[in-house]
Amino acid sequence: MSKEDVFVGAIDQGTSSSRFIIYDAKTGVVGCHHVEFTQFYPQAGWVEHDPMEILESVKVCVAKAVDKATADGFNVDKGLKAIGLTNQRETTLLWSKSTGLPLHNAIVWMDARTSSICRSTIHFLNFASMFFTFVRNLYPRIQTPTSPFSFTLSLPSDLPYISNV
């Protein structure tokens, strides 16, 4: 096999489309195909994708890019040595272990359905940061080392269980 018969593929599975690009040994593009897929907006601020449509779009892109490269005289079938993959950030998808099928549409990275949880978490972390700054400034004055056994550190976690507070 000559150096010219070595190819690398790249799957770029993005937010609105999939693409497959085949590169030769000199990083020249010898085949490429791109397919857009459907965006679903079930409610305001929600964004979902059909996982099976994404999978199918990748399969189509690979097949069409290989066909194009082959039609242009490149021996991609025998020379494709590796495929890299990039995907869409924080999109979440759950698959069934028993069936191998998706349990739900993919929740896209720009979906805002958990905004209230994020705001609550940020509020809590801001409070925790202020509390630990207070504790850090207090300890040098009272000469007590910071310890998980310290009353001041365990107090916030104990508050929900103290009925008089």
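Visitor: Which residues does I21 touch, not counting residues up to four places away in sequence?

Guide: Contact means heavy atoms within 4.5 Å. By that rule, I21 touches V8, G9, A10, V29, G31 and C32, with residues up to four places away in sequence not counted. The C-alpha atoms of I21 and G31 are separated by 5.8 Å, although these residues are 10 apart along the chain. Please note that this is a predicted model, in which local features need pLDDT of at least 70 and side-chain atom pairs count only at pLDDT 80 or more, while totals for chains, interfaces and linings use all residues. Residues are numbered from 1 along each chain as its sequence is written, and side-chain values use heavy atoms, with hydrogens and water left out.

Visitor: Is I21 buried or exposed?

Guide: Buried means under 20% relative accessible area, exposed over 50%, and partly exposed in between (1.4 Å probe, protein chains only). I21 has a relative accessible area of 15%, so it is buried. I21 lies in strand β2; strands (E, at least two residues) and helices (H or I, at least four) are DSSP runs, numbered from the N terminus.

Visitor: Where is S17 found, and with which side chain does its own side chain make a polar contact?

Guide: A polar contact is a pair of N or O atoms within 3.5 Å; within protein, one must be able to donate a hydrogen and the other to accept it, and residues adjacent in sequence count only if both atoms are side-chain atoms. S17 is found in strand β2, which covers residues 17-23. Its side chain makes a polar contact with that of H34, at 3.0 Å. S17 is buried, at 12% relative accessible area. Beyond four places in sequence, S17 touches D12, H34, V35, E36 and F37.

Visitor: How many disulfides does a search of the whole structure find?

Guide: A disulfide is a pair of cysteine sulfur atoms within 2.5 Å. The search finds zero. The closest cysteine sulfur to that of C32 is in C61, 8.0 Å away, and therefore too far for a bond. C32 counts as partly exposed, at 31% relative accessibility, whereas C61 counts as buried, at 1%.

Visitor: What is the phi of T27?

Guide: T27 has a positive phi of about 65°, although it is not a glycine. T27 lies in the loop between β2 and β3 (29-36). At 62% relative accessibility, T27 counts as exposed.
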